[in-house]
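Let's take a friendly walk through a protein model, looking at a few of its charged pairs, a surface patch and a pair of helices. Have the picture ready as you read.

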Amino acid sequence: MGDQLSLMPGDAKTGSSQYLGPEVAPSSSWKQKLKYGLRVLPSYGWQKLTRHAPRGRVHLIIAMADHFEPSVVPENGSRYSPYEEQERRMDLWCRECPRVAGAWRDSDGHPFVHTYFYAAEQYDRRLIQQLAEHCEAGWGEIEIHLHHGVVVSDTAENTRRQLVEFRDALASEHGCLSYFDGSGPPKFAFVHGNFALANSAAGCFCGVDDEMQVLADAGCYADLTLPTASFHPAQIAKINSLYECALPLNQRAPHRRGLALERGRPPEIFPLIVQGPLMLNFSPSRPRRIGIENGAVTKRNPLSLSRLRLWKQAAISVRGKPDWLFIKLHCHGMDPTQHDAVLGEFMRKFLRELVEGAGERGEILHFVSAREMVNIIVAACDDRDGNPGEYRDYRLQRTRNRPAELPFGERADRG
């Protein structure tokens, strides 16, 4: 087995990863559903009244946040798969992903890519290196994912240690991650294991109230955790949004309040919150006529053009730039039960229909990584125009270009 980072009690090797499946919340009782509805529905109703998808041609900036865990055992989250199985899964992924996505390109000539949010507590040098080479060939980028505080509450110190150790391993050992304006310490995007960002799941699956501050200090430029699984207690009222946290980062769940990102107002507080779509899906063909669209790509709910219509209706954009729509999806690519949804015919069919019909639907497609999406968001805030695909490397760049360091968030003079 490849080299791994040291793990402290309470990390995944003691069973704390507790994989719940791509659409499963810890509880789905009627009380949990009621609480979820009371949080979400007022914001949803207001957005339906006040927010509308733009007319005419629109740019769709699409990213796939893959909660990537080669060791996952879907039926038992407290176990790890044998290492030989992890190697087999990685080999299969690196071989099949280009075959599935390679034939269909966006308006800039880029294929559909995944951002591999690799679980920090499951770091393995050999597997990460194989994935890094896959990404270097043009099939995505690696960022950071963390499960913690499931068995016992984690601490800020332990969380900081895990993030920094994994961040530095990704950057120094594998040439991953990015640098703000090409300088300074490595930066990363983040998703929280089991969605409990900043201890937002009623004290479960985390335990670190000031986790957002810990992330900021470690160099996190954006969080892409939300929305949660259906009826999850960590879901907040603020939905379908791009924003800065409006509460102090050392408070529990500071992302529950936010200042919308806006054209002409450069963001100052990082990590930015980049949400995916959260919509109600009224479908007479389903046994349950009302479903929840949360951007999860699963075997039960594969990609489709009907889902695309809902993502566009969510109209997630930088305020004042409505024709640049940001669509953040998520999946669990290493879950073998989800193979058909992420590497099978469902994915092939969707990419074919998405690309072939884009012109007729008035869409200009841009397939991006999480880093590229955030760069385009920041460019929109900086009042940049034209083709958003030109801003994939706008501020966060994959390689260093000079030794001098600028504080994260300090703005360069662009003339």
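## A buried glutamate and its partner

Glu244 is buried, because its relative accessible area is 3%; buried means under 20%, exposed over 50%, and partly exposed in between, using a 1.4 Å probe and protein chains only. Its salt-bridge partner is Arg265, with the closest N and O atoms 2.7 Å apart. Arg265 sits in the loop between strand S8 (258–260) and strand S9 (272–274), while Glu244 belongs to strand S7 (residues 242–245), so the pair ties together parts that are 21 residues apart in sequence. Arg265 counts as partly exposed, because its relative accessibility is 23%.

A salt bridge here is a side-chain nitrogen of Lys or Arg within 4 Å of a carboxyl oxygen of Asp or Glu. Helices (H or I, at least four residues) and strands (E, at least two) are DSSP runs, numbered from the N terminus.

## About the model

This is a predicted model, where local features need pLDDT of at least 70 and side-chain atom pairs count only at pLDDT 80 or more, while totals for chains, interfaces and linings use all residues. Residues are numbered from 1 along each chain as its sequence is written, and side-chain values use heavy atoms, leaving out hydrogens and water.

Arg392 pairs with Glu372, the closest N and O atoms being 3.4 Å apart. Arg392 lies in the loop between H10 and S14 and Glu372 in helix H10, so the bridge ties together parts that are 20 residues apart in sequence. Arg392 and Glu372 are both buried. Salt bridges with shared partners join these two into one network whose members include Asp106, Glu141 and Arg398.

## Two helices side by side

The axes of helix H4 (residues 156–174) and helix H5 (residues 211–218) come within 10 Å and cross at roughly 30°. Axes are lines fitted to C-alpha atoms, for helices over the stretch in contact, and angles run from 0 to 180 degrees between N-to-C directions. H4 and H5 are therefore roughly parallel to each other (angles under 35 degrees count as roughly parallel).

Methods:
Parallel < 35°, antiparallel > 145°, perpendicular 65-115°, else oblique.
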